[in-house]
Amino acid sequence: MHRSIALFALASANLALPTHAHAAGQPLLIENVTVLSAEQSQPRGNRYVLVRDGRIAAVSDRAITAPDARKLDGTGKFLTPGIMDGHVHVSQAIGLPFGSSDPAIAAMEKQFFVQQPRSYLYFGVTQVVDLINMPARVAEFASQPQHPDTFRCGVAPVVDGYPLVFMDPATRYAQMNDYIFEPANAREHPLPPGADPAEHTPEAVVERIAKTDAICVKITLEDGFGDRSDWPLMSMDTLRRVRAATRKHGLLLLVHANALDMQRKAVEGQVDIIVHGLWNWNELQNQPGIPPAVAEHLRNIYTNKIGYEATLRVIPGVTDLLDPTLLDDPVYKKVVPPAILKWYRTEPAQWFKTEVFGANPDSARILGGIRTANQRWATSENGMRALRHLYELGQPLLLGSDTPSAPTYGNQPGYDTFREMRMMSQAGIPLSAIFEAATINNARRYRMEKDFGSIEPGKIANLLLLDANPLASVDAWSRIDKVILHGEPIERESLAAD
Ligand SMILES: [Zn+2]
């Protein structure tokens with residue numbers, strides 16, 4: 001008796017807490033809607049969906065009576081699970097220079113971080129996984145009043161390896177402390193002075209990450225972009241130790257790898273997800289079709305049940321900077337705050353474009369053979385062909401946009417998740433497989449199926465009410481009427497940057 005009173009008191013106390021964007025609000029009843037959900041082979045028309053306490057309470061083919069619920073008329077509309085993007089980086093104010101002391105830049109940075117979660121929601125992205133180790137930035141993203149459910153990975157590079165190669169040697173190890181000492185590289189890449197070797201074994205690093213809120217560990221297998229191949233790599237022995245440690249702590253193991261030789265190591269190391277598409281085919285780069293060695297590798301991904309995020313937008317996200325009409329795209333107004341959009345048109349905003357393409361086309365090598373228009377598209381097309389081949393093998397596809405893949409304003413939050421889906425469609429992936437990639441497959445692969453991925457009772461009510469059928473056209477994913485976040489309907493246009 002006493003115990004139940006205590007529990008009731010606790011429940012009342014919870015209800016009295018100030019309402020937060022994800023707190024349970026009034027029940028919601030969506031009436032007469034067509035439901036699309038991956039566990040069903042066909043859309044189901046004239047459905048009634050009741051949401052209580054932020055979760056789906058019932059899905060019925062008969063009218064539901066719920067006098068306390070707000071009603072949403074779904075006539076002529078399509079209800080889908082919210083989109084999950086399994087590869088984002090919310091820590092970067094896209095396109096703005098790093099470490100600027102200019103107050104105008106600082107003000108824009110602030111605007112960017114306020115708008116960013118709303119831009120994801122504007123494109124129906126209700127769950128994201130962040131793959132850079134900047135917990136404070138991720139927490140800031142998730143502290144905005146309206147934001148997707150946010151998950152993150154710890155990143156464990158080897159000493160001097162990617163992505164540390166791009167960071168200031170004076171501060172990089174303070175910023176990215178979960179680095180691993182690689183004994184095989186000891187002579188050329190020793191531990192930084194003062195570092196404790198016991199803190200930088202695979203076991204110690206993974207254990208440290210496991211003590212945070214991270215759901216995964218990301219390692220990098222990258223020996224250099226383009227023609228470079230001199231960045232230090234993790235040995236197979238170390239990779240196996242990382243694999244064992246992540247299993248021990250129940251963490252997923254993700255790997256950055258986009259080249260054939262690097263992805264082969266990822267398969268051998270039995271990682272959970274390769275978070276990049278296979279666009280660098282090494283010496284096979286310019287071959288047509290799917291060369292036998294590429295086909296064999298893709299089959300190994302499939303038979304070893306390794307997840308694969310195609311990240312098709314990485315290359316175009318950079319090469320789009322060469323398109324003079326890029327910023328005239330009307331969608332940019334919806335996801336980029338006006339002051340930043342204006343700034344993108346200025347000369348200083350071209351800093352990254354100059355850095356990549358410069359006056360000397362050779363500098364473009366850092367992004368993997370994009371020096372000429374032909375080669376640029378070769379890398380992109382390789383990635384698209386590899387994805388299509390994997391799909392034909394039966395691989396359950398995943399959605400990951402890698403927004404932003406670089407400090408390029410050619411990637412934008414939310415919009416690039418949509419553009420990634422559009423590129424999957426251009427690669428010949430059927431709309432039903434894109435639907436599954438964006439919903440149930442990502443939820444399963446990231447072990448979130450209990451909460452996300454389908455429209456079934458018990459799951460979190462992160463839903464999209466669409467004006468068009470996403471099984472009829474990929475553009476339906478951009479015809480959003482309302483985003484429903486933990487049962488709270490949000491008018492799409494209220495999320496726009498303009
Ligand atoms: Zn990334």
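In this predicted model, cysteine 216 has a relative accessibility of 0% and therefore counts as buried. Cysteine 153 is likewise assigned to the buried class, because its relative accessibility is 0%. These two residues are joined to each other by a disulfide, with an S to S distance of 2.0 Å. A disulfide is a covalent bond between the sulfur atoms of two cysteines. The structure holds 1 disulfide. The link of cysteine 153 and cysteine 216 is left-handed, with -125 degrees about the S-S bond. Cysteine 153 belongs to strand β8 (residues 149–155) and cysteine 216 to strand β9 (residues 216–220), so the pair ties together parts that are 63 residues apart in sequence.

Strands β8 and β9 also take part in the packing of helix α5. The buried residues of α5 pack against β8, β9 and α6. Buried positions in α5 are Pro202, Ala204, Val205, Val206 and Ile209.

Two packed helices are described by the angle between their axes and the distance between the axes. For helix α5 (residues 202–210) and helix α6 (residues 236–248), the angle is about 35 degrees and the axes are 9 Å apart. The crossing in which α5 passes α6 is right-handed. On the α5 side the contact is made by Pro202, Glu203 and Val206, and on the α6 side by Thr238, Arg241, Val242, Ala245 and Thr246. By class, this contact of α5 with α6 consists of 4 nonpolar, 2 polar and 2 charged residues.

Met421, Met424 and Ser425 of α14 meet Leu431, Ile434, Ala437 and Ala438 of α15. The residues of the contact of α14 with α15 comprise 6 nonpolar and 1 polar, with no charged residue.

The zinc ion is coordinated by three side chains. The donors are His87 through NE2, His89 through NE2 and Asp402 through OD, at 2.0 to 2.2 Å. Along the chain, the donors of the zinc ion follow the spacing H-x1-H-x312-D. Histidine 87 counts as buried because its relative accessibility is 0%. For histidine 89 the relative accessibility is 6%, and this residue therefore also counts as buried, the cut-off for buried being under 20% relative accessible area.

Valine 49 is placed in strand β2 (residues 44–52). With a relative accessible area of 0%, valine 49 is buried. When its neighbours within four places in sequence are left aside, valine 49 is in contact with Leu28, Leu29, Ile30, Val33, Val35, Ile56, Ala58, Val59 and Leu79. One of these residues, leucine 28, is 21 residues from valine 49 in sequence, while the C-alpha to C-alpha separation in space is 8.1 Å.

Several loops contain backbone features of note. Most residues other than glycine have a negative phi, and most peptide bonds are trans. The peptide bond from tyrosine 162 to proline 163 is cis, and its omega is near 5 degrees. Proline 163 is located in the loop between β8 and α4 (172–175). A cis peptide bond also runs from threonine 403 to proline 404, with omega near -15 degrees. The loop that holds proline 404 lies between α13 (373–393) and α14.

Positive phi values are found in residues other than glycine as well. Threonine 311 is not a glycine, yet has a positive phi of about 40 degrees. Its place is in the loop between β12 (307–308) and α9 (314–319). Threonine 311 counts as buried, because its relative accessibility is 0%. Arginine 447, also a residue other than glycine, has a positive phi near 60 degrees. This arginine 447 is situated in the loop between α15 and β13 (463–466).

Note on methods:
Residues are numbered from 1 along each chain as its sequence is written. This is a predicted model: local features need pLDDT of at least 70, side-chain atom pairs count only at pLDDT 80 or more; totals for chains, interfaces and linings use all residues. Side-chain values use heavy atoms; hydrogens and water are left out. Donors are N, O and S atoms within 2.8 Å of the metal (3.2 Å for Na, K and Ca); water is not among the atoms, so sites may look incomplete. Buried means under 20% relative accessible area, exposed over 50%, partly exposed in between (1.4 Å probe, protein chains only). Axes are lines fitted to C-alpha atoms, for helices over the stretch in contact, and angles run from 0 to 180 degrees between N-to-C directions. Helices (H or I, at least four residues) and strands (E, at least two) are DSSP runs, numbered from the N terminus. A crossing is left-handed if the near helix is turned anticlockwise from the far one by less than a right angle, and right-handed if clockwise. Contact means heavy atoms within 4.5 Å. Ala, Val, Leu, Ile, Met, Phe, Trp, Tyr, Cys and Pro count as nonpolar, Asp, Glu, Lys and Arg as charged, and the others, Gly among them, as polar. A disulfide is a pair of cysteine sulfur atoms within 2.5 Å.
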